[in-house]
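This briefing is written to be read beside the sequence and the coordinates. Please keep both in view while going through the points below.

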Protein chains: 2
Amino acid sequence: MSKKRYAIGIDFGTESGRAVLVDVSDGRIVATTVHAYANGVIDEVLPGTDIRLEPDWALQDPNDYLEVLKQTVPAILEQGDSAGNAIDPDDVIGVGIDFTACTVLPTKADGTPLCFMPEWREHPHGWIKLWKHHAAQPEANALNEKAREMGLGWLDRYGGKISSEWFFPKVWQVLNEAPEVYDAADRFIEAADWVIWQMTGRETRNNCTAGYKAIWSKRDGFPSREFLKALDPRLENVVDEKMSHDIQFLGERAGGLTATAAGWMGLKEGTAVAVANVDAHVSAPAATVTDPGRMVIIMGTSNCHMVLSEEERIVPGMCGYVEDGIIPGYFGYEAGQSCLGDHFAWFVENGVPADYAQAAADQHISLHELLESKAARQKPGEHGLVALDWWNGNRSVLVDVDLTGLLLGATLATKAEDIYRALIEATAYGTRLIIETFEENGIPVNEIVATGGLPDRNKLLMQIYADVTGREIKIAASAQTSALGSAMFGAVAAGKAEGGYDTIEQASLAMADLRDERYVPIPDQAAVYDKLYAEYVTLHDYFGRGENDVMKRLKQIRAEARQ
Amino acid sequence: MSKKRYAIGIDFGTESGRAVLVDVSDGRIVATTVHAYANGVIDEVLPGTDIRLEPDWALQDPNDYLEVLKQTVPAILEQGDSAGNAIDPDDVIGVGIDFTACTVLPTKADGTPLCFMPEWREHPHGWIKLWKHHAAQPEANALNEKAREMGLGWLDRYGGKISSEWFFPKVWQVLNEAPEVYDAADRFIEAADWVIWQMTGRETRNNCTAGYKAIWSKRDGFPSREFLKALDPRLENVVDEKMSHDIQFLGERAGGLTATAAGWMGLKEGTAVAVANVDAHVSAPAATVTDPGRMVIIMGTSNCHMVLSEEERIVPGMCGYVEDGIIPGYFGYEAGQSCLGDHFAWFVENGVPADYAQAAADQHISLHELLESKAARQKPGEHGLVALDWWNGNRSVLVDVDLTGLLLGATLATKAEDIYRALIEATAYGTRLIIETFEENGIPVNEIVATGGLPDRNKLLMQIYADVTGREIKIAASAQTSALGSAMFGAVAAGKAEGGYDTIEQASLAMADLRDERYVPIPDQAAVYDKLYAEYVTLHDYFGRGENDVMKRLKQIRAEARQ
């Protein structure tokens, strides 16, 4: 029997970090553990102070990430293999990590986060801005306006709009609101890259977050000085002065574990560490997708769609595309729907009557399950409803946070399960529209691989997606595709000579798998959904493309009423 | 002290009959009692048989009406005056009744209902078709098509459409489905007129139901033989052969109580009996409205709007107008919204979460009250929603039962009270649109008088109606305007010489009143509602006037799915 080799993947989420120990030969997850961040999402009070944060702020504590390294890795080594034997650190050939993004922090030149320093610890701008920190909208608006004014081509790579969640708006917010913090920061760096720095002692910048979140591309690099100066003269040299230019590509080795980091983690000094990745993007190879034509959808609170292509195409309304951004050698395209599970959670919390809650309790099932079982008894079209899935705005293809939800067709006979089903269908129509937009622009989508939390929990949803999109839907074998994908990149960082793989394609072939379970479109149902989808598209375009901007005017009226 | 005079009003509703004993001098209701119909609404099984009814059928038993006469009138006489003294039948000068409409039955020439006869008792078509019997839709469709084809002007009097609830579709349904019942019937008569026949021994037909429900007008009479023959050759002579031509006008005396009827009711033979009326229309003078410029709205499960004018105008999308149809000397215009309280009842039953139900229970209030109190804390526009109030179709001004409900503007922060308030507002926008349609066509509406069940129960709703319509809203003093109005017509049937009044205007002046409570538009709120109403109108026209018939297509898809 050949010697077992293991790789470790660590997925840094919004509330916690998850580490998995993976058998490199077949991708089997041997051990897993989760560590919740002590300070979690910091959106009310700065830890250890009375300082209250403004609305839309969301911070994080870099120490929480280090604690994940220190707590989870020793734990999975200790859990050991199926026979219960602890794992020999010699058998761990590589480590990979993935992260939320854009999650960014200011540090000194040696990597010390400003918020670790007494003089900045009580300053909110000294901390990490989490991906869902939404207070840089004014900066995003001004940046977009200037880019349009200057006719900058890179806007097209991002669906025509840079999000307030991304790198430059967040950094600019620091400069605007706390120039002293901006000045004190030698670096603004993605948390993903900062953790790699702590592990390897080497400052790098991964091409995935740089590309999707910091307007970088292999061909054109970062935005020009001229543009940055036009935004704010003080920003002119931000790229040269405060950002590493050492861009490393997915699949590369960022370095080896330092003695210190190896000590934290109970691993061997010099263990291969992969270039950091984004939690969504790292899922693609773990869902077996390393080539064009197959779309990965990560279905959770929101929907994230990824597809590869050898071609560079401007596809309207995408979140972005990056060369080598998902799998080396391909343009990686990302699209999204800002609300999936969040729709259903909202509905279950706000729109389901007491007798349903009682019935669910009597049957010892969740309200979601009760609604699903009732909705599953219906045929497509039977409830007479159509909805627009915009309760949290529209990410693709309209890229408009000011759009809101619509429900049409209600009668006095409409029941909660009807609305629940209509909301599921609306998200499926939105996904179909994204797929059709890809295809119309030369990026084929022949098949869908789903991953994330929802495919496991809602069979009705999966069948509706198959029927609405007219495409077969497969499910990734692992429910932990992010952490698994990171472990795969760890095995690639080690390389074949060390018992790993030379490419992510090889790693995916050996370590990723699909379930036997798959969802196939049922022609009768698909035919009805074709008609309903046509109605969706008409409403989508009427309310989303400027013919009737009632949703925006209502938001304006609402804002005035709340003053 | 002058001798007290009393009039009795009897309101025949959908589930029960209500009698009031009223002081003729000032309209004070001295005694009141309600008698529930033993057979209620017959919509499942024919009484005393196993015969199941088709969907959309709704029948009634004429004996239930006679029982109302026999039970309620002796009871209110017995209840007596404020001192507790029973009322002397000599002091009761007149009786009036009002009824649901069109509620129609087949009888023999002597007034015997077919369903009282053993040979027809087991035949559903032998019974009374209640107003909400909806199974004559095919006949209504064919009738409308033929009338349009023949270019018949009277269609304009009814908003361009005859309802399946009305007289000719119902009678034609009998002919189509049970020609033997049609042949056996010597008369098809409104239940209102049939009860008057039983009370007075005289067959009459009141101009109100004839005008609003049987396509009759003072100038042109009933539809022509030519038209009826074109519908169905067997219908050619239905007016001559099966309907009384003795049209009597509101405010007239139908006759005096027969000895038999006087015996049933404990009244004096010969007591004046007024011409029958419709429950909505009879409310107008009881709400003090006997002249143009003031709209009465009866706010219950649905909204019924009535306004008077000296002018004959074609107002698009009204339910109908009838000369002398509400108050002699005026054209009486009726409009309606098919859903008012029904919207809120639907929402409370189907869309309010369990924790609200618990909070209402804890506070010992109804869910309606809880939602009202939460919604009342908001400013107009604060919830960001707009709805179309079409959960039960649109009666005015679109006259389209196939329209359905719409809710727009939802976000993940939308709460149940937001939707509740948006539904209230939507009905107010619908009323404003009706008012504006009246005014654009030369029928002014300067003020609103509200009556019915809702004004008492929901102050928020009343303020919203004032703010949205920009008109002061007053409330009828009595919550029983139908029964009170009938008593007023009873006093007019008796006449001044008998201690009553010579005209309904005089009766209204003496016997009807408004509350001190009134709702005045608040300028700031009205200004916001002007903006929101503009959004409502845009959506109303887009979905209601043919630009996007998605609601109808969804109904079609739904019907196919249910096959």
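In chain B of this predicted model, B:Cys102 sits in the loop that runs between strand 5 (92–99) and strand 6 (104–107), and the peptide bond joining B:Ala101 to B:Cys102 is cis, with omega about -10°.

**Backbone geometry**

- In chain A, the peptide bond leading from A:Ala101 to A:Cys102 is likewise cis, with omega near -5°, and A:Cys102 belongs to the loop between strand 5 (92–99) and strand 6 (104–107) of chain A.
- A:Thr288, a residue other than glycine, has a positive phi, near 75°, and is placed in the loop between helix 12 (283–286) and strand 14 (293–299) of chain A.

**The contact between chain A and chain B**

- The two chains together bury about 4300 Å², of which 59% is on carbon and sulfur atoms, and the contact draws 54 residues from chain A and 54 residues from chain B.
- Across this interface there are 19 residue pairs in polar contact, counting pairs in which both residues have pLDDT 80 or more.
- On the side of chain A that touches chain B, at least two residues each come from helix 13 (341–350), helix 14 (354–362), strand 19 (405–410), helix 21 (523–544) and helix 22 (550–561).
- By residue class, that side of chain A divides into 27 nonpolar, 15 polar and 12 charged residues.
- Strand 19 of chain A pairs with strand 19 (residues 405–410) of chain B in the antiparallel sense, over five bridges, and within this pairing A:Gly405 has B:Ala410 as its bridge partner.

**Relation of the two copies**

- Chain A is superposed on chain B by a rotation of 180° with 0.0 Å of shift along the axis, and the RMSD is 0.0 Å.
- The two copies are therefore related as by a two-fold rotation axis.
- Both copies use the same surface for the contact, since 100% of the contact residues of chain A recur in chain B.

**Salt bridges**

- Side chains of opposite charge can pair when their charged atoms come close.
- Across the interface of chain A and chain B, four salt bridges are found, and B:Lys531 and A:Glu560 have side chains that meet in a salt bridge at 3.1 Å, N to O.
- Over all chains of the structure, the search finds 59 salt bridges.
- Within chain A, the side chains of A:Asp530 and A:Arg432 form a salt bridge at 2.9 Å, N to O, and this pair links distant parts of the chain, with A:Asp530 in helix 21 and A:Arg432 in helix 16 (residues 416–440), 98 residues apart.

Notes:
Residues numbered from 1 in each chain as written. Chains lettered and ligands numbered in written order. Predicted model: local features only at pLDDT ≥ 70, side-chain atom pairs only at ≥ 80, totals over all residues. Heavy atoms only, no water. Contact = heavy atoms within 4.5 Å. Buried area = accessible area lost by both parts, 1.4 Å probe. Polar contact = N/O pair within 3.5 Å; in protein donor to acceptor, adjacent residues only side chain to side chain. Helix = DSSP H or I, 4+ residues; strand = E, 2+ residues; numbered from the N terminus. Nonpolar A, V, L, I, M, F, W, Y, C, P; charged D, E, K, R; others polar. Pairing = 2+ DSSP bridges. Least-squares fit on C-alpha atoms with pLDDT ≥ 70 in both.
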